[in-house]
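Welcome! Have a look at the structure below, and then let us walk through some of its features together, one topic at a time.

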Amino acid sequence: MLPGLPSRRYAILIDVGYLYAAAAELLLDATSRRDYRVDAEKLIKSLIERAAHRLPDGELLRLYWFDAARDRVPTVDQRVIANMEFVKVRLGNLNSRGQQKGVDAQIRSDLELLARHHAVHEAILLAGDEDMVPAVEVAQAYGVRVHLWGVEPPYGTNQAERLVWESDTVATIEAEDVRAYFTKSGTAAAATLSMVGAPMTQPEPRVPSPAAVFGQRQSVAVTMNAADALAQAESARPKFVRTTQTGEKLDPETVRSVGEYVGHKWLLTRGADNIADLLPGPQLPTVIDKELLVEAEKELGYSLRDHPEARIWVRDGFWERVHREFDIDEE
């Protein structure tokens, strides 16, 4: 931006369903999200850099990431993305058939509101659905320029013709621009995805433990709504979990059991398919690790800040429960 000139503020609105589906088809000939993995953080950073290059005199307001999740409970990736600077995650609902509901309406609403309140001068829209056309027209009526981005189609077109017509400019993201961020599923997480929702046969523990109470329950998040799944998880809480550890030493078994309980709760409320994204472990994304420790502290009624060994026990218990869910042997 040249000194002394006012900046033209812009926003980037991404229809994640369109972006992922179009890029996966182009690069991997894949049609299901279970068939590939995306380095979303680096992808988002590349899109922000691309926008800065296209609008050198502009100032980014924020990037809007429109995606969907079962019962609007964010996945691991969505939680990590939501913590990125200048990124706002908007979630629609993902129904039992894997269809997104409410995402297009959110995109239209945000684009219209940004324009109506003069929050931006320009908007970059990465989408393909003709349902976007009314919002584009409204935004333009308020003086906003709409720049449409699309992913290179393997053949024909993957964007509605009228949406292309109505946009002020049109640009194509080519295969090489996104190839580095999409890979075929081949990790341990991918191998377990086919097991989601299937009951696992668990070996009988030699010594009864709190884990035995809830460790053999199958994940039912794929058939429950969030409220029912939470109630199911709450019913499995060991009675002794909510105890205050006031002494110098913490009991390792108690702390590990808390980690197992949180893992069990997340499998039910967040869904086994989302937890599978964390495999093979044991390293957790910073955001997720913080959530795990905070939830464990709530259950213990005690801060683990000055107890690094206890934080390790929590993580160990968490991974024991997750690995058991997917029948992964502990090494």
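A residue is called buried when its relative accessible area is under 20%, exposed when it is over 50%, and partly exposed in between. With a relative accessible area of 48%, Glu-253 is therefore partly exposed. Please keep in mind that this is a predicted model.

**The nonpolar cores**

- In soluble globular proteins, nonpolar side chains tend to be buried together.
- The largest nonpolar core here has 37 residues, and those touching the most other members are Ile-14, Leu-19, Tyr-20, Leu-43, Trp-65, Leu-126 and Phe-182.
- Helix H1, which covers residues 16-28, supplies the largest share of this core, with 10 residues.
- What does Tyr-20 touch, leaving aside its neighbours within four places in sequence? Its contacts are Arg-33, Tyr-36, Val-38, Ala-40, Leu-43, Trp-65 and Phe-182.
- Another core of 27 residues lies apart from this one, and its members include Val-76, Trp-266, Leu-293 and Val-322.

**Salt bridges**

- Side chains of opposite charge can pair when their charged atoms come close.
- How many salt bridges does the structure hold? There are 15.
- One of them joins the side chains of Asp-67 and Arg-33, at 2.8 Å from N to O.
- This pair links distant parts of the chain, 34 residues apart: Asp-67 belongs to strand E3 (residues 58-69), while Arg-33 sits in the loop between H1 and strand E2 (36-38).
- Are the two partners buried or exposed, or something in between? Asp-67 counts as buried, because its relative accessibility is 3%, whereas Arg-33 is partly exposed, with a relative accessible area of 36%.
- Glu-253 and Arg-256 also meet through their side chains in a salt bridge, at 3.7 Å from N to O.
- Both Glu-253 and Arg-256 lie in helix H11 (residues 252-269), 3 residues apart, which is about one turn of the helix.
- An α-helix has 3.6 residues a turn, so residues three or four places apart point the same way.
- Like Glu-253, which is partly exposed, Arg-256 counts as partly exposed, at 23% relative accessibility.
- A further salt bridge brings together the side chains of Arg-324 and Glu-260, at 2.9 Å from N to O.
- This pair, too, links distant parts of the chain: Arg-324 is in helix H14 (residues 308-325) and Glu-260 is in helix H11, 64 residues apart.
- Arg-324 is partly exposed, with a relative accessible area of 23%, whereas Glu-260 is buried, at 7%.

- H14 has 18 residues and spans 26 Å from its first C-alpha to its last, close to the 26 Å expected at 1.5 Å a residue.
- Among the buried residues of H14 are Trp-313, Val-314, Phe-318, Trp-319 and Val-322, and also Arg-321, His-323 and Glu-325.
- Asp-327 follows H14 and has a positive phi, near 55°.
- Two packed helices are described by the angle between their axes and the distance between the axes.
- For helix H13 (residues 286-300) and H14, the angle is about 105° and the axes are 10 Å apart.
- H13 and H14 are therefore roughly perpendicular to each other.
- H13 contributes Asp-289, Leu-292, Leu-293 and Ala-296 to the contact, and H14 contributes Arg-311, Val-314, Arg-315 and Phe-318.

**Backbone details in the loops**

- Arg-72 lies in the loop between E3 and helix H3 (76-82), and has a positive phi of about 60° although it is not a glycine.
- Arg-72 counts as partly exposed, at 44% relative accessibility.
- Beyond its neighbours within four places in sequence, Arg-72 is in contact with Leu-91, Gly-92, Asn-93 and Lys-101.
- Arg-72 and Asn-93 are 21 residues apart in sequence, yet their C-alpha atoms are 5.2 Å apart in space.
- Phe-86, in the loop between H3 and strand E4 (87-94), has a positive phi of about 60° although it is not a glycine.
- Phe-86 is exposed, with a relative accessible area of 53%.
- Which peptide bond is cis? The bond from Leu-279 to Pro-280 is, with omega near 5°.
- Pro-280 is found in the loop between helix H12 (272-276) and H13.

Key:
Residues numbered from 1 in each chain as written. Predicted model: local features only at pLDDT ≥ 70, side-chain atom pairs only at ≥ 80, totals over all residues. Heavy atoms only, no water. Core = buried A, V, L, I, M, F, W, Y, C linked by side-chain atoms within 4.5 Å. Buried < 20%, exposed > 50% of the residue type's maximum accessible area, 1.4 Å probe, protein only. Helix = DSSP H or I, 4+ residues; strand = E, 2+ residues; numbered from the N terminus. Contact = heavy atoms within 4.5 Å. Salt bridge = Lys/Arg side-chain N within 4 Å of Asp/Glu carboxyl O. Expected span 1.5 Å × (residues − 1). Axes fitted to C-alpha atoms, helices over the stretch in contact; angles between N-to-C directions. Parallel < 35°, antiparallel > 145°, perpendicular 65-115°, else oblique.
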